[in-house]
Amino acid sequence: MSEQREAELRGMVTRSLLAKIDAMSVVEGTSRIDWVIRVLEAEADRQIHKATVLLRMVGGNPPPPGSDGMGTK
């Protein structure tokens, strides 16, 4: 059985946000959903990179709860 490559993503947004998304997609000459996908992919990649860097900094072991990560409280 093959894995489905696409899935639907839905949600309600304010009209003002939708107007901003529409304006940005027009400026970039793309569709609304293509613009949203590009922005979400870039942000997801940025967050994953940030998490990877943080994990490398702590040696792969997160600091204990209540710690500032530097060995002090």
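Visitor: What follows α1, and what is its phi?
Guide: Gly29 follows α1, and its phi is positive, near 70°. This is a predicted model, where local features need pLDDT of at least 70 and side-chain atom pairs count only at pLDDT 80 or more, while totals for chains, interfaces and linings use all residues. Residues are numbered from 1 along each chain as its sequence is written, and side-chain values use heavy atoms, leaving out hydrogens and water.

Visitor: How many helices and strands does the chain have?
Guide: Two helices and zero strands; helices are DSSP runs of H or I with at least four residues, strands runs of E with at least two, numbered from the N terminus.

Visitor: What makes α1 and α2 roughly perpendicular?
Guide: Their axes, lines fitted to C-alpha atoms over the stretch in contact, with angles from 0 to 180 degrees between N-to-C directions, cross at roughly 95° and come within 9 Å. Roughly perpendicular covers 65 to 115 degrees, and α1 and α2 are therefore called that.

Visitor: Which residues of α1 meet α2?
Guide: With contact meaning heavy atoms within 4.5 Å, Leu18, Ile21, Asp22, Met24, Ser25 and Glu28 in α1 meet Arg32, Trp35, Val36 and Arg38 in α2.

Visitor: How do you know that the span of α2 agrees with its 26 residues?
Guide: The expected span is 1.5 Å times one less than the number of residues. For α2 that should give 38 Å, and its end C-alpha atoms are 38 Å apart, so the two agree.

Definitions and conventions:
Angles under 35 degrees count as roughly parallel, over 145 as roughly antiparallel, 65 to 115 as roughly perpendicular and the rest as oblique.
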